Amino acid sequence: MTKTAERRPPAPAAVPPVPAPPPAGDRRRRALADQARAYGFLLGGLICFALFSWYPAIRAVVIAFQKYTPGSPPEWAGTANFTRVLHDPEFAAAWRNTLTFTLLALLIGFVVPFVLALVLNELRHARAFFRVVVYLPVMIPPVVSALLWKWFYDPGTGLANETLRFLHLPTSNWSNGTDTALVSLVFVATWANMGGTVLIYLAALQSVPGELYEAAELDGANLLQRVRHVTVPQTRFVILMLMLLQIIATMQVFTEPFVITGGGPENATVTVLYLIYKYAFLYNDFGGACALSVLLLLLLGAFSALYLRLTRSEGDA
């Protein structure tokens, strides 16, 4: 009989040697190379911002203190441009119209998107279709949108008055009346810009835990009570941020007065940005236009600083 061979365990696999870490000098060079590559990618964006954003802003501040007209060398004027602008009768009218427009835009254009977001959030069918419908005005170029509304507001053959005549209701001057022109422009701006705001509100509403609504329903809360005690507290940060952004945006309104009313009637729709345009391109007074721009910059800078402060505080929390 043959003797059974004993099984031997397999030899252990050879463990590869651990590579030695690169020298400190090589690691430093690699880190510097990575940083240089990253800054190289950022360089294009920084150049664009420097040429088309930062340089024009700094140049405007400099021109605000100069007597500047195209074709002639600039002369230092000190605060003369600011004094002349502040004593211009159109200055008070422009700021009054701008602040009124901002207030009306908050009353109308701030509430309507929130209500539409609440309605879309409750829909169970065709939700995607209505989202597209609400967002569609944002995709229309602003000038095209303003021209459409200019035809809509036409007191003679415009669709608004034709509809009122069909319903045997009194017609209106809309954008041609001193009492109705500014409100008409607020409706245009609200319709054209509310799509993005609605989607942001909708995203905020969908982030609210459903258990809160269920608990409110068990406590007998109706729809308005649920909105007041659940929806608004849970989305208050988004509401505040959008309010500040809307204030910053509406105080720079220009397209609607420029295209639809031309600042009229009787300067009823002249805004600060439209007055800057008049100073620069109608009065050929670039010093006054830049002085107005600096004043507007200071006011909007205060709201922007508040916005950054609130967002930083929320991020730290």
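Predicted model: local features only at pLDDT ≥ 70, side-chain atom pairs only at ≥ 80, totals over all residues.
## The loop between helix 12 and helix 13

Glutamate 266 is exposed, with a relative accessible area of 74%. Glutamate 266 sits in the loop between helix 12 and helix 13, and its phi is positive, about 55°, although it is not a glycine. Asparagine 267 is in that loop too. Its phi is also positive, at about 60°, and again the residue is not a glycine. In terms of cover, asparagine 267 counts as partly exposed, at 33% relative accessibility.

The peptide bond from glycine 264 to proline 265 is cis, with omega near -5°.

## Aromatic pairs

How many aromatic pairs does a search of the whole structure find? The search turns up 22. Take phenylalanine 254 and phenylalanine 258: their rings are stacked, 5.1 Å centre to centre with 20° between the planes. Phenylalanine 254 is partly exposed at 24% relative accessibility, and phenylalanine 258 is partly exposed as well, at 36%.

Then there's the pair of tyrosine 274 and tyrosine 277, which is tilted, with 5.8 Å between centres and 35° between the planes. These two tyrosines are three residues apart in helix 13, so about one helical turn separates them. Tyrosine 274 counts as buried, with 7% relative accessibility, while tyrosine 277 is partly exposed at 22%. Both pairs belong to one aromatic cluster, made up of Tyr68, Phe254, Phe258, Tyr274, Tyr277, Phe281 and Phe286.

## Salt bridges

Searching the whole structure gives four salt bridges. Among them is the one between glutamate 90 and lysine 278, at 2.6 Å from N to O. Which parts of the chain does this pair link? Glutamate 90 is in helix 3 (residues 89–109) and lysine 278 is in helix 13, so to speak two distant parts of the chain, 188 residues apart. Both glutamate 90 and lysine 278 are buried.

Two others stay within a helix. Arginine 37 bridges to aspartate 34, with the closest N and O atoms 3.0 Å apart; both residues lie in helix 1, three residues apart, or about one turn of the helix. Arginine 37 is partly exposed at 49% relative accessibility, and aspartate 34 is partly exposed at 45%. Glutamate 162 and arginine 165 meet at 3.2 Å, N to O. They are both in helix 7 (residues 159–166), three residues apart, about one turn of the helix. Glutamate 162 counts as partly exposed at 37%, and arginine 165 does at 35%.

## Surface patches

Which helix gives the most to the negative patch? That's helix 9 (residues 210–218), with three residues. Glutamate 217 is found in helix 9 and is partly exposed, with a relative accessible area of 46%. Patch members need over 30% relative accessible area, so glutamate 217, at 46%, clears that cut-off.

There's a nonpolar patch too, formed by Tyr39, Leu42, Leu46, Phe49, Trp54, Ile58 and Val62, with about 750 Å² of accessible area together. One of its members, leucine 42, lies in helix 1 (residues 24–63).

Note on methods: Residues numbered from 1 in each chain as written. Heavy atoms only, no water. Helix = DSSP H or I, 4+ residues; strand = E, 2+ residues; numbered from the N terminus. Buried < 20%, exposed > 50% of the residue type's maximum accessible area, 1.4 Å probe, protein only. Patch = residues over 30% accessible without salt bridge, like charges linked within 9 Å, V, L, I, M, F, W, Y side chains within 5 Å. Areas by Shrake-Rupley, 256 points an atom, 1.4 Å probe, with all protein chains shown as cover. Salt bridge = Lys/Arg side-chain N within 4 Å of Asp/Glu carboxyl O. Phe/Tyr/Trp six-rings, centres within 6.5 Å; stacked < 30°, edge-to-face > 60°.
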